[in-house]
Amino acid sequence: MSIRFENVRKAFGSKVVLEDVGFEVGSGECFFIIGASGVGKSVLIKHLIGLLRPDGGSIYLDGEEVSRLTEKEFFSVRKKCAMVFQNSTLFDSMTCAENVALPLRKHKRLGAKAALKEALERLDTVHMREFANAYPPELGDGMQKRVAIARALTLDPRYVLFDEPTTSLDPVSARRVDQMIRELCDEVGVTSIVVSHDLRSIFGIADRICMLYKGHVRMLGTPEDFQTTDDPVVQQFINGRAEGPMEV
Amino acid sequence: MSAATDPWPLRAPRLLGATALSIGSQVGGLVVLLARIVARLFPPRLDRAELLRNLHKMGVRSLPIVSVTALFVGAIMVIQAAPLVTRFNAREIVGWGAGFATLREVGPLLIALMFSGRVGANNTAELGTMVVTSQIDALRALAIDPIGYLVLPRVLSMVVMLFFLTIIGDVVAIGGAMVAGKVLLDVDPRSFLNSLFLLLDQWDLMTGLIKSVIFGAMIALTSCHFGLSVTGGAPGVGRAVNASVVAAASGIFILDYFSSFLLG
Amino acid sequence: MNVVSATGLAVIDVTRDIRDILRMGARTLRFVVRGRKDRRMIVEQMHQIGNKSVFFITVTMGFIGMILVFQSALQALRIVPDLSLLGATYGEILIRDLGASIGAMMLATRVGAGIAAEIGSMVVTEQVDALRMCSADPVEYLVVPRFLASMVMTFCLLVWACVVAYLSGMVTAYVVFDVNFLTFANFMLVDAGDVIVGLTKCLAYGAAIPIVSAQRGLATFGGSEGVGWATTSAVVSSSLAVIVLQFFISAVGYLVFPG
């Protein structure tokens with residue numbers, strides 16, 4: 001029961017983003033993918049649920065090769081592997097409750113009323129119940145993120161992908177989101193893959209970390225490994241220094 | 001070698017070829033979208049809430065503009081006919097003359113153009129914004145098919161609503177023509193209606209309504225296609241809206257031509 | 001109550017829009033008479049508005065010509081079995097009204113959307129505010145060149161539109177109804193009144209489209225989504241303006257030149 005990337009390669013036109021990436025994520029793990037902006041972190045995780053297709057290599061989810069599936073076959077993958085987008089990406093023509101109710105209506109065959117009722121309970125778990133009838137653009141970034149997480153969790157997925165969940169949030173909201181991700185791993189047993197370059201989240205909640213650099217995995221290990229490494233590139237990144245060997 | 005540095009005799013065929021290719025790829029995209037929509041119809045799995053929302057929005061929002069357009073169109077058709085009518089002293093067939101042109105041709109055509117400008121453009125903008133803010137990807141990530149959930153209800157609503165708006169528009173246009181006939185040519189409304197009902201057969205009315213369905217499908221397809229294929233962020237949405245309105249207008253004229261011939 | 005207040009609000013909205021558009025027209029005319037005219041800008045806009053619409057207008061008007069002749073021949077055949085006057089009446093209606101009006105509806109979608117999108121994105125990126133900060137009037141710098149360019153180019157394009165529609169109509173009449181080219185090319189019914197009414201329409205549409213669209217563009221608010229709205233609304237408003245002008249000019253034209 002795991003996720004495995006093998007020799008994944010992806011280029012956009014002549015720009016090679018991922019050259020040869022491979023790693024494995026264990027069950028119930030809180031796995032972080034870090035790296036500088038534009039290094040292809042989000043691109044990588046979008047491959048897992050078929051939003052992008054690799055040019056080469058393979059991706060296994062629960063032992064099943066998913067990178068060659070058709071769009072239709074991917075639907076079953078996406079039901080067990082949810083994603084929280086970077087900008088929350090709530091549907092702005094619907095209220096928060098309707099946003100959460102949509103997947104319930106579509107996949108659990110619930111009626112409109114039952115779906116809304118369950119959506120309210122889901123919103124309660126992220127402490128957003130009082131904003132159930134608000135439209136997403138009226139809310140702050142942190143609140144939108146919490147609704148987005150509630151929406152991603154409606155189908156009780158075993159895997160959740162977070163694309164930069166704390167970027168553009170204020171420090172307090174960011175730590176709350178961190179806490180939610182950690183609780184998901186510890187209490188529900190969900191496997192989380194988090195794309196981030198927020199150092200406090202990385203060293204706050206990660207079980208293992210994978211650093212991407214120039215289309216390859218630069219380093220894979222626990223937070224402790226990262227803090228004690230003498231790789232100058234990794235050192236520069238986790239200390240947030242402007243000067244160093246890292247190329248943009 | 002870039003196009004700008006070519007001597008001019010080489011530039012013209014290159015430009016023509018590029019235009020032909022881009023039109024070809026858009027038409028191809030439309031056909032693919034149409035095939036995907038038709039595939040979703042069997043078995044029909046429609047999102048009822050989304051369908052109702054779109055029906056309401058598209059119908060109600062364009063009712064005022066369609067009525068105003070139709071009112072003027074009816075009046076204009078009478079003014080058009082006025083010099084001929086006075087010349088041949090044919091007051092008793094003004095109703096038929098205006099009604100024939102309005103119901104068969106001008107009414108459906110202009111109402112469709114207005115509908116495209118209002119509803120079609122708005123639809124492209126809405127879908128385009130969803131694409132650039134990755135809300136379409138969010139749907140896919142929730143294992144919801146964007147064609148079935150977003151596109152199918154929109155296409156159906158546009159076809160249905162344009163059909164009904166054309167019926168309403170026809171009635172309003174006849175009203176406008178009646179008023180113009182009374183004011184300009186002193187034609188009694190009763191004799192106006194008499195000539196209309198006497199000389200017009202159902203087929204004339206049907207022709208216009210069949211056309212409105214064809215136009216509705218055309219507007220729906222182009223506006224969804226251009227909306228879904230937006231690239232390049234927010235400015236891309238603006239470009240797509242523009243391209244979609246122009247493409248829908250050209251498509252409407254071309255289809256009108258063929259349907260006029262086929263429906264005789 | 002709800003319906004009443006909604007209708008009332010709509011009426012207020014429409015009146016305000018009409019007032020704003022008329023005001024914009026008055027200011028534009030004042031600057032046209034008095035203001036500084038940037039010749040390079042005008043030429044550039046003429047290229048944007050004129051040359052880039054020729055292909056579009058040629059294709060659509062070609063189809064329109066075929067449709068119009070086909071329909072009017074069908075209509076005529078129901079009362080008289082003789083199509084010898086088809087070309088004459090078609091020529092009169094085309095010159096007096098349909099050529100200019102349908103052509104202008106098409107230009108409204110293309111030219112109007114272009115103007116509103118361009119000015120609208122300048123508004124949301126605060127370039128218009130920057131113009132104001134340099135104490136330059138946006139109407140003088142943005143609207144006047146487009147207005148003058150559109151007056152000239154729309155006029156030419158609409159005359160061209162009439163020619164295309166006439167020729168394609170002539171071919172249709174020959175191919176489908178077997179009407180000889182010489183019989184068709186009959187300008188017996190066209191008199192000075194028809195030409196004057198037709199040309200007045202060309203001028204009026206050429207003036208209305210840029211003013212309406214520029215007003216919509218300058219009224220843009222709310223980021224890039226607002227530009228989309230402004231563009232849509234420019235297309236709808238300028239098409240409506242064309243229809244309303246068509247109605248009034250036709251009515252006045254009929255009263256002045258009844259023949």
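**Figure 1. How the three chains meet.** No contact joins chain A and chain C, and their closest C-alpha atoms lie 13 Å apart. Here, two residues are in contact if their C-beta atoms, placed from the backbone, lie within 7 Å. Of the 2 pairs of chains in contact, it is chains B and C that share the most contacts. A word on what you are looking at: this is a predicted model, in which local features need pLDDT of at least 70 and side-chain atom pairs count only at pLDDT 80 or more, while totals for chains, interfaces and linings use all residues. Residues are numbered from 1 along each chain as its sequence is written, and chains are lettered from A and ligands numbered from 1 in the order in which they are written.

**Figure 2. Where chain B touches chain C.** On the chain B side, 42 residues are in contact with 41 residues of chain C. Helix 2 (48-88), helix 3 (94-132) and helix 8 (233-263) of chain B each supply at least two residues of this side. Helices (H or I, at least four residues) and strands (E, at least two) are DSSP runs, numbered from the N terminus. Helix 8 of chain B gives the largest share, 16 residues. Sorted by class, the side of chain B that touches chain C has 28 nonpolar, 10 polar and 4 charged residues. For these classes, Ala, Val, Leu, Ile, Met, Phe, Trp, Tyr, Cys and Pro count as nonpolar, Asp, Glu, Lys and Arg as charged, and the others, Gly among them, as polar.

**Figure 3. Where chain B touches chain A.** Now turn to the other partner: 11 residues of chain B are in contact with 16 residues of chain A. Helix 4 (residues 135-141) of chain B provides the largest share of the chain B side, 5 residues. That side divides into 6 nonpolar, 3 polar and 2 charged residues.

**Figure 4. Chain B on its own.** What does the secondary structure of chain B come to? The count is 8 helices and 0 strands. Its C-alpha atoms fill a box of roughly 65 × 55 × 30 Å, taken along the principal axes. Of the 264 residues of chain B, 51% count as buried. A residue is buried if 20 or more other C-beta atoms lie within 10 Å of its own, exposed if 12 or fewer, and partly exposed in between, with C-beta atoms placed from the backbone. Among contacts in chain B between residues at least 6 apart in sequence, 88% join residues at least 24 apart.

**Figure 5. A buried strand in chain A.** Strand 3 (residues 30-34) of chain A is largely enclosed by the rest of the structure, because 5 of its 5 residues are buried. In a regular strand the side chains alternate between the two faces of the sheet. Both faces are covered here, with A:Cys30, A:Phe32 and A:Ile34 buried on one side and A:Phe31 and A:Ile33 buried on the other. Strand 3 of chain A runs parallel to strand 8 (residues 191-195) of chain A, and 4 bridges join them; two strands pair if DSSP finds at least two bridges between them. A:Phe31 has A:Ile193 as its bridge partner in strand 8 of chain A. Strand 3 of chain A also pairs with strand 9 (residues 208-213) of chain A, in the parallel sense and over 4 bridges. In strand 9 of chain A, A:Cys210 stands opposite A:Ile33.

**Figure 6. Two helix pairs in chain C.** Two packed helices are described by the angle between their axes and the distance between the axes. Axes are lines fitted to C-alpha atoms, for helices over the stretch in contact, and angles run from 0 to 180 degrees between N-to-C directions. Helix 4 (residues 86-124) and helix 8 (residues 192-218) of chain C pack at an angle of about 15°, with their axes 8 Å apart. These two helices of chain C are therefore roughly parallel to each other. Angles under 35 degrees count as roughly parallel, over 145 as roughly antiparallel, 65 to 115 as roughly perpendicular and the rest as oblique. By class, the contact of helix 4 with helix 8 of chain C has 19 nonpolar, 7 polar and 7 charged residues. Helix 1 (residues 2-34) and helix 6 (residues 138-177) of chain C pack at about 85°, with their axes 9 Å apart. That makes helix 1 of chain C roughly perpendicular to helix 6 of chain C. Among the residues that meet are C:Phe31 in helix 1 and C:Phe147 in helix 6.

**Figure 7. A closer look at C:Phe181.** C:Phe181 lies in helix 7 (residues 181-184) of chain C. Is C:Phe181 buried or exposed? C:Phe181 counts as exposed, because it has 11 C-beta neighbours inside 10 Å. Leaving aside its neighbours within four places in sequence, C:Phe181 is in contact with C:Met170 and C:Tyr174.
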